[in-house]
Amino acid sequence: MNPERPAGTPEPEHQGPKPVHYTYHDGREDYLHVGRQGGTETDKSEALIPPSEEVPSPLQATARAPEASALPPEAAALPTEAATSPAPASAPPPEATALPPEATAGAAAQRPQQGIRMSEIVTRGLRTGAVLTAATMCTMMAASTLKRGSPWASMNAMATAVGLGGRRASDRFDPAVTPAGVAVLAGGLLVWGIGYEKALDAAGRRSSPLTGALSALGGFLFDELVLPDRLMKNFRAKMGVLGTLSKYVALGVASAAAPR
């Protein structure tokens, strides 16, 4: 029965919400309107209970607790991935360490050019060494002929650089010593010619009287400081002092006039 309605008045079958007496927690009393049992679906679902007064049931609180405390799978998987995967900052990307294609192609093209250039230097050096050998050998043989009466005396003296011919070289042709002296002189001057051309290429210069003088000075210092003393003694004995000096003059002139 609706207390607000006069007695004896029938209530409609499908009226609005039905007032229900309700006492608040602070002692206030009021009527709440709840849909009738036989009313519409909207009437049944309406309950004008203030939201602040709703108290969740223990079952609802228990059901919400795991959802609130559980992390989503993506968030739970993040620490594992972070621990197992390396730090991206520690390893630079391949683009940072890889050379650009232009630099790689340029380096690949320079290698054959450097090989060709070195081959040209060796070829010029052998040609220069042959000129040095011819000029120096002829000068030494002429000097020993004037000093000892034999062109082979200077070649035998040259063989003492490798321990052949004894302490005092022979003046005559020796089939075991003389060819060895010629080979030692030719081999040393061929190597000298390659080094001379390499030095000119590194300095960006051409053969000149200055470079020839430096070559003669280098040959003299090499004989005095590197070769054994017995060689220089045999040189002076077989060619004389002037003949020995003429050897370095011939070396310098041939170096200055070396073909390019």
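**Exercise 1.** Find the salt bridge that R236 forms, and state where its two residues lie and how accessible they are.

*Solution.* Step 1: R236 pairs with E224, and the closest N and O atoms are 3.3 Å apart. A salt bridge here is a side-chain nitrogen of Lys or Arg within 4 Å of a carboxyl oxygen of Asp or Glu. Step 2: R236 belongs to helix α9 and E224 to helix α8 (residues 209-225), 12 residues apart. Helices are DSSP runs (H or I, at least four residues), numbered from the N terminus. Step 3: R236 is partly exposed, with a relative accessible area of 38%, and E224 is partly exposed at 30%. Buried means under 20% relative accessible area, exposed over 50%, and partly exposed in between (1.4 Å probe, protein chains only).

The model is predicted: local features need pLDDT of at least 70, side-chain atom pairs count only at pLDDT 80 or more, and totals for chains, interfaces and linings use all residues. Residues are numbered from 1 along each chain as its sequence is written, and side-chain values use heavy atoms, leaving out hydrogens and water.

**Exercise 2.** How many salt bridges does the structure hold?

*Solution.* The structure holds 6 salt bridges.

**Exercise 3.** How do helices α6 and α9 run relative to each other, and which residues make their contact?

*Solution.* Step 1: The axes of α6 (residues 152-159) and α9 (residues 229-256) come within 9 Å and cross at roughly 175°. Axes are lines fitted to C-alpha atoms, for helices over the stretch in contact, and angles run from 0 to 180 degrees between N-to-C directions. Step 2: The two helices, α6 and α9, are therefore roughly antiparallel, a term for angles over 145 degrees. Step 3: A153, S154, A157 and M158 of α6 make the contact with L231, N234, F235, K238 and M239 of α9, where contact means heavy atoms within 4.5 Å.

Notes
Angles under 35 degrees count as roughly parallel, over 145 as roughly antiparallel, 65 to 115 as roughly perpendicular and the rest as oblique.
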